[in-house]
Amino acid sequence: METLNYDEAVKLVKAEVERALVKSPFIIREYLSHLALTQGKYIRATSVIVAAQDGNGYVHSDAVKAAGVIELIHLASLVHDDIIDNADIRRGKPTLQNKYGKRTAVICGDYLLSLALKMASEANDKNRGTEIDFPDYISRICLGELEQHINNLNLNLSIFQYLKIISGKTAALFEASFFAGAAVLKVSDEELRNYKQIGYYIGMIFQLSDDCIDFDTSADIANKPVQSDYEQGVITLPLIHAFQNLEEFKQKAEKAKITREEINQAIMKTGGLAFTKGLIKRYYDKAMHRINELEINEEKKTKIIFILNKAARIQ
């Protein structure tokens, strides 16, 4: 069995993903090479590696494959998101759809999913991590995105409905990340459930924190457009809270276009950000409870908490 330390594994994941992008067939290589320049912080892939670490800090090489799969699925979802949102910038660089057009971007996003499934089939140990159903997680992400699209500008969207949407479009892939790492590690069924739940909570926190960023962070700091969710038709939790607590504001939105200034004032008046951050805190506490239940050493626990804090934007 080939094992790697943490730093080696993370480095190999990045190399594996970059290889998949820049070594692709010539016809698509230029487009995927552009994506290689806009790689993010690999928080989901890192989650796989951390979850896969054994008591001595080593991971099986198949964790690298699993992490690469997760990153390619994530990259595909970003390409498709940028098309839907008509986004020009991603991580400080032109999006694929902005640089090459929507049709090309759609095809590239689809191709990335095929690369992910191909990578998933390349595991060295066929008995390790067989519980991971990547196609199921891809379907959950797609259904979450579709449900968000169907509910665009739905001013009656409930908190429950919204949390269901983000549990698919964002939390599912974080859950898959921790699930994949734990499955490669071959933990008990009970431990596996804990890892999955930690990933789910981190994913919910990540999206809710992102909702807050749209209102209280500048584009330069966020490295992407902000103050734009509602303009794209997306109703996020701070705004849902405002609509539920300011009937006259909701009625005005139903009859006419509301300005960004009006949205910000309504959210400030109703404490929409504080409400959202309160929910983040509840998910955070649940995640910490699950983390404390894991039978792991302090080094691994610290790494998982670091990922949790990253999702919550705690420095």
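A contact here means heavy atoms within 4.5 Å. With that in mind, let's walk through this predicted model.

**The whole chain**

Start with everything selected. Residues 24 or more positions apart account for 75% of the contacts that have a separation of 6 or more. The protein chain is built from 15 helices and four strands. Its radius of gyration is 20 Å, close to the 20 Å that the globule rule gives for 315 residues, so the chain is as compact as a globular protein of that length. Turn the view along the principal axes, and the C-alpha atoms fill a box of roughly 65 × 50 × 30 Å. Of the 315 residues, 53% count as buried.

Now colour by confidence. The average pLDDT for the chain is 92, and 94% of the residues score at least 70. Select residues 298-311 to see helix H15, where confidence is highest, at a mean of 98; then select residues 219-222, helix H10, where it is lowest, at 46. Where pLDDT is low, the predicted coordinates should not be read in detail.

**Helix H1**

Next, select residues 6-22, which form helix H1. Show side chains for Ala9, Val10, Val13, Glu16, Val17, Ala20 and Leu21, which are buried. Look down the helix axis: the buried residues of H1 fall within an arc of 130 degrees, so they line one face of the helix. An α-helix has 3.6 residues a turn, so residues three or four places apart point the same way.

What do the buried residues of H1 pack against? Their partners include strand E1 (3-5), helix H2 (26-36), helix H4 (62-85) and helix H6 (102-120). On the face turned away from the buried side, pick out the exposed residues Asp7 and Lys11. Then step to Asn5, which caps the N-terminal end of H1: a side-chain oxygen of Asn5 lies 3.2 Å from the backbone nitrogen of Asp7.

**Two loops with a positive phi**

Jump to Asn86, in the loop between H4 and strand E3 (89-90). Asn86 is not a glycine, yet its phi is positive, at about 55 degrees. With 46% relative accessibility, Asn86 counts as partly exposed.

Leu153 is the next stop, in the loop between helix H7 (134-150) and helix H8 (159-185). Leu153 is not a glycine either, and has a positive phi of about 60 degrees. Its relative accessible area of 49% makes Leu153 partly exposed.

Select Gln207 in helix H9 (residues 189-216). Is Gln207 buried or exposed? It is buried, at 9% relative accessibility. Draw a distance to Thr170: the side chains of Gln207 and Thr170 are joined by a polar contact of 2.6 Å. Leaving aside neighbours within four places in sequence, Gln207 is also in contact with residues including Tyr162, Ile166 and Lys169.

Finish at Thr236, in the loop between H10 and helix H11 (237-245). Thr236 is buried, with a relative accessible area of 2%. Not counting residues up to four places away in sequence, Thr236 touches Tyr162, Asp211, Phe215 and Asp229.

Definitions and conventions
Residues are numbered from 1 along each chain as its sequence is written. This is a predicted model: local features need pLDDT of at least 70, side-chain atom pairs count only at pLDDT 80 or more; totals for chains, interfaces and linings use all residues. Side-chain values use heavy atoms; hydrogens and water are left out. pLDDT is the predictor's confidence in each residue, from 0 to 100. The expected span of a helix is 1.5 Å times one less than its number of residues. Buried means under 20% relative accessible area, exposed over 50%, partly exposed in between (1.4 Å probe, protein chains only). The arc is that of the directions from the helix axis to the C-beta atoms. A polar contact is a pair of N or O atoms within 3.5 Å; within protein, one must be able to donate a hydrogen and the other to accept it, and residues adjacent in sequence count only if both atoms are side-chain atoms. The radius of gyration is taken over C-alpha atoms; the globule rule is 2.2 Å times the number of residues to the power 0.38.
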